[in-house]
Amino acid sequence: IGYHVLLSKNEISIYNESKKLLFSRKVNGSKLISDSENVYIGNYIITKDLKITTYPYIIKDVAVLKNENIPKGEIKILWSYSLNLEIKSKPVAFNNNLYIASTNGKIIALNNGNLIWDYRLPFIITGHLTITNNSIIATCWDNNIYALSFDGKLLWKIPLDSDVTLGVAWDGIEIYALSDDGYLYELKDGKIINQYKVGKWPIAGPFISLSGKVYSIDAMGYL
């Protein structure tokens, strides 16, 4: 099955061969990239079966490696940095910088193995960091969500109803966060615009689907 993909004014639309609109939504990119199977735009990857994945960074280009083009030999370590910290969350990379959060609340930024800055939150961080257009979003067990600038300055913080152990999701426009007491928050420009009651003690999520729906999985295994 073939698809027709149209990008106009930061809105992507996908049509089938009969020119029927399958879906359309605003995106945070102005350049379409394809590897002949998937479509990449902004921080979205749209697969050939129309499933969407969001990443906490902007995809600017892709490279397709065939077996014969994969370099042979051992992987070489370019640099290392001793953290002496416990890490539970996934680090994120953006503009040649690496951002890492530790369980003691410290967020550090590294460039080529050198410390650029660090910022301390008041309590535990276990959720992954998320990169938006202009900030790094961190969740904390002190009931707050924090936004830091790329040079390590606090932009804003938002108190929620309870601890936030999971990282947030970003759809290119809005941020979605899950609290441990089972509320899904919709945030924009440092403010709460909506909140919804979901399952308590979420263990996974939030996830954003191709159609823009937001999903989570609670401690009882309910989606």
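Is tryptophan 117 buried or exposed? At 10% relative accessibility, tryptophan 117 counts as buried (buried is under 20% relative accessible area, exposed over 50%, partly exposed in between, with a 1.4 Å probe and protein chains only). The legends below describe a predicted model, in which local features need pLDDT of at least 70 and side-chain atom pairs count only at pLDDT 80 or more, while totals for chains, interfaces and linings use all residues. Residues are numbered from 1 along each chain as its sequence is written, and side-chain values use heavy atoms, with hydrogens and water left out.

**View A. The open sheet E1-E2-E3.** Three strands in the order E1-E2-E3 form an open sheet with antiparallel pairing (strands are DSSP runs of E with at least two residues, numbered from the N terminus; two strands pair if DSSP finds at least two bridges between them). Strand E1 (4-8) and strand E3 (21-26) stand at the edges with a single partner strand each, so one side of each has no neighbour in the sheet. From one strand to the next, the twist averages 15 degrees (axes are lines fitted to C-alpha atoms, and angles run from 0 to 180 degrees between N-to-C directions). Five bridges join strand E2 (residues 11-15) to E3 in the antiparallel sense. Isoleucine 14 has phenylalanine 23 in E3 as its bridge partner.

**View B. Asparagine 38 in its loop.** The loop between strand E4 (33-34) and strand E5 (39-41) holds asparagine 38. Asparagine 38 counts as buried, at 16% relative accessibility. Leaving aside neighbours within four places in sequence, asparagine 38 is in contact (heavy atoms within 4.5 Å) with Ile33, Ile45, Ile46, Thr47 and Lys48.

**View C. The largest nonpolar core.** This core has 16 residues, of which Tyr99, Ile107, Trp117, Leu121, Leu129, Ile131 and Ile136 touch the most other members (a nonpolar core is a set of buried Ala, Val, Leu, Ile, Met, Phe, Trp, Tyr and Cys residues joined through side-chain atoms within 4.5 Å). Strands E8 (92-94), E9 (97-101), E10 (106-111), E13 (136-139) and E14 (144-148) are the elements that give two or more residues to this core. Another core, of 13 residues, lies apart from it and includes Leu160, Val164, Ala177 and Leu187. Beyond four places in sequence, the contacts of tryptophan 117 include Ile108, Ala109, Leu148 and Asp151.

**View D. Aromatic pairs.** The structure holds five aromatic pairs (rings of Phe, Tyr and Trp, the last by its six-membered ring, pair if their centres lie within 6.5 Å; planes under 30 degrees apart count as stacked, over 60 as edge-to-face and the rest as tilted). Tyrosine 99 and tryptophan 117 form a tilted pair, 6.0 Å centre to centre with 40 degrees between the planes. Tyrosine 99 is in strand E9 and tryptophan 117 in strand E11 (residues 114-120), 18 residues apart. Tyrosine 99 counts as buried, at 1% relative accessibility. Ring pairs link Phe94, Tyr99, Trp117 and Phe150 into a cluster.

**View E. Phenylalanine 123 and tryptophan 141.** These two form an edge-to-face pair, 6.3 Å centre to centre with 75 degrees between the planes. Phenylalanine 123 lies in the loop between E11 and strand E12 (130-131) and tryptophan 141 in the loop between E13 and E14, so the pair ties together parts 18 residues apart in sequence. Phenylalanine 123 is partly exposed at 39% relative accessibility, and tryptophan 141 is partly exposed with a relative accessible area of 27%.

Notes
Helix = DSSP H or I, 4+ residues; strand = E, 2+ residues; numbered from the N terminus.
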